[in-house]
Amino acid sequence: MKISVIGGGPAGSLAALSCVREHSVEIYEEHLTQPVQCAGLVSKSGLQRLNISPSKDFILNGVSSARIFSPSGESFLVDGREIKAYVLDRRKFDRFLLDSAVDAGAVLVNEGVRDLNSIEADRVVLATGTNYQIQHRLGLDKPTRFLVGVQYELEVESDPDVVELHFNVPGFFSWVIPVRDYARVGCCSMLNPTPHLDRFLKGLSAAGRVRDPRILARNYGVIPLHEPNLRTDYGRIITVGDAAGQVKASSGGGIVMGGIAAGFSSLPDYERSWRSAIGWELRLHLWIHNLLSRLSDNSKDRLFSLISEHKQLLENGGDMDSASKTVHSLFCSPTFTARFLLQLPSHLLDML
């Protein structure tokens with residue numbers, strides 16, 4: 001079978017890698033240096049699940065813990081006690097995956113694709129990220145809800161082992177991701193995130209944490225929110241990764257979930273296969289996002305205070321990618337469950 005992959009980002013390259021073992025594969029990619037639109041934090045377990053060995057060529061740092069800040073500024077540390085996630089050089093990481101697919105036998109075509117009229121293939125994998133032009137022209141399903149993200153790189157005082165998550169943005173959070181001698185500071189929101197990030201940076205500066213206010217790099221991007229009923233399989237044509245909304249709505253991360261789905265790209269029952277593997281997880285991440293989006297700041301403060309008292313549950317059973325493990329780790333405690341239900345506003349009980 002001849003398979004054409006449109007897009008050479010992580011989802012496209014991983015789709016090509018999974019298909020090239022048994023099929024003839026070509027990858028169409030016009031940008032051999034991918035634009036960066038991602039915080040670049042990926043779980044250690046996620047890389048293992050994708051059979052990607054960590055490499056100093058694309059890993060800038062390893063982090064073990066996360067410090068969670070409630071809207072009021074109170075915080076607690078979830079200590080992973082060992083490396084749980086890696087900070088990636090996304091350009092090098094993406095190029096590594098693309099080169100791996102080519103080395104395995106895929107043919108790289110350095111061209112953009114605007115429509116599929118010239119593509120002669122038994123299967124077409126649309127791994128076009130958040131460029132939905134082809135899906136729009138063909139009348140295929142595409143995500144309709146998005147977060148908008150902005151991230152700066154600058155010299156900020158930060159613990160090299162700890163990622164910070166500040167729940168100070170409506171519907172999402174801001175982050176500080178330590179790299180080497182600098183940090184990635186960013187946020188997402190449903191609308192323009194730049195004012196939120198600028199305000200966050202002013203707070204960091206007032207706290208004396210900004211060593212040098214010069215911004216080394218700026219990155220912008222849109223992140224599709226997962227939509228459980230989005231169709232991704234049209235027989236000859238399938239969608240994968242951001243093109244299919246295979247993104248964790250709770251964090252905006254798409255590398256691992258999109259990569260897992262990409263592994264089923266050559267199967268005749270692609271949609272059933274990827275949904276069986278990660279569909280429930282993506283639904284749970286969406287549930288978490290929707291819940292936090294509907295809580296007031298005061299309710300979030302109370303929730304994070306409760307989680308802080310039970311943080312050992314997260315330390316022992318939480319997982320960046322598996323929302324089911326994280327939710328189960330908390331709700332396996334009758335005490336946590338009872339107090340959570342008592343604190344949850346009555347108008348949100350229908351979400352349970």
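A residue counts as buried when its relative accessible area is under 20%, as exposed when that area is over 50%, and as partly exposed in between. This report applies that scale to a predicted model, and then turns to a sheet and a pair of helices.

**Accessibility of selected residues**

Cys-19, in contrast, counts as buried, since its relative accessibility is 0%. As for bonds between cysteines, the structure holds zero disulfides.

| Residue | Relative accessible area | Class |
|---|---|---|
| Cys-19 | 0% | buried |
| Leu-140 | 9% | buried |
| His-166 | 9% | buried |
| Arg-81 | 53% | exposed |
| Asn-51 | 69% | exposed |

Asn-51 is found in the loop between helix 2 (44-49) and strand 4 (59-63), and its phi is positive, at about 60°, although Asn-51 is not a glycine. Arg-81 belongs to the loop between strand 6 (75-79) and strand 7 (85-88), and here too phi has a positive value, near 65°, in a residue other than glycine. Asn-51 counts as exposed because its relative accessibility of 69% is over 50%, and Arg-81 counts as exposed because its value of 53% is also over that limit.

His-166 is part of strand 11 (residues 162-169), and its relative accessible area of 9% is under 20%, so His-166 is buried. Leaving aside residues up to four places away in sequence, His-166 touches Phe-69, Phe-173, Ser-174, Val-176 and Phe-200.

**A parallel sheet and a loop residue**

Strands of a sheet pair through backbone hydrogen bonds, either parallel or antiparallel. In this model, five strands form an open sheet in the order 8-2-1-9-15, and their pairing is parallel. Strand 8 (107-109) and strand 15 (237-239) are the edge strands, each of which pairs on one side only. On average, and with direction ignored, neighbouring strands of this sheet are turned by 20° against each other.

Strand 9 (residues 123-126) is joined to strand 15 by three bridges, and these two strands run parallel. Which residue of strand 15 is the bridge partner of Leu-126? The partner is Thr-239.

**Two helices in contact**

Helix 8 (residues 297-309) and helix 11 (residues 334-343) have axes that come within 11 Å and cross at roughly 175°. Why are these two helices described as roughly antiparallel to each other? Angles over 145 degrees count as roughly antiparallel, and the crossing angle of helix 8 and helix 11 is therefore in that class. On the side of helix 8, the contact is made by Arg-302, Leu-303, Leu-306, Ile-307 and Glu-309, while helix 11 contributes Phe-336, Arg-339, Phe-340 and Gln-343. Sorted by kind, the residues of this contact divide into five nonpolar, one polar and three charged.

Conventions:
Residues numbered from 1 in each chain as written. Predicted model: local features only at pLDDT ≥ 70, side-chain atom pairs only at ≥ 80, totals over all residues. Heavy atoms only, no water. Buried < 20%, exposed > 50% of the residue type's maximum accessible area, 1.4 Å probe, protein only. Disulfide = S-S within 2.5 Å. Pairing = 2+ DSSP bridges. Helix = DSSP H or I, 4+ residues; strand = E, 2+ residues; numbered from the N terminus. Axes fitted to C-alpha atoms, helices over the stretch in contact; angles between N-to-C directions. Parallel < 35°, antiparallel > 145°, perpendicular 65-115°, else oblique. Contact = heavy atoms within 4.5 Å. Nonpolar A, V, L, I, M, F, W, Y, C, P; charged D, E, K, R; others polar.
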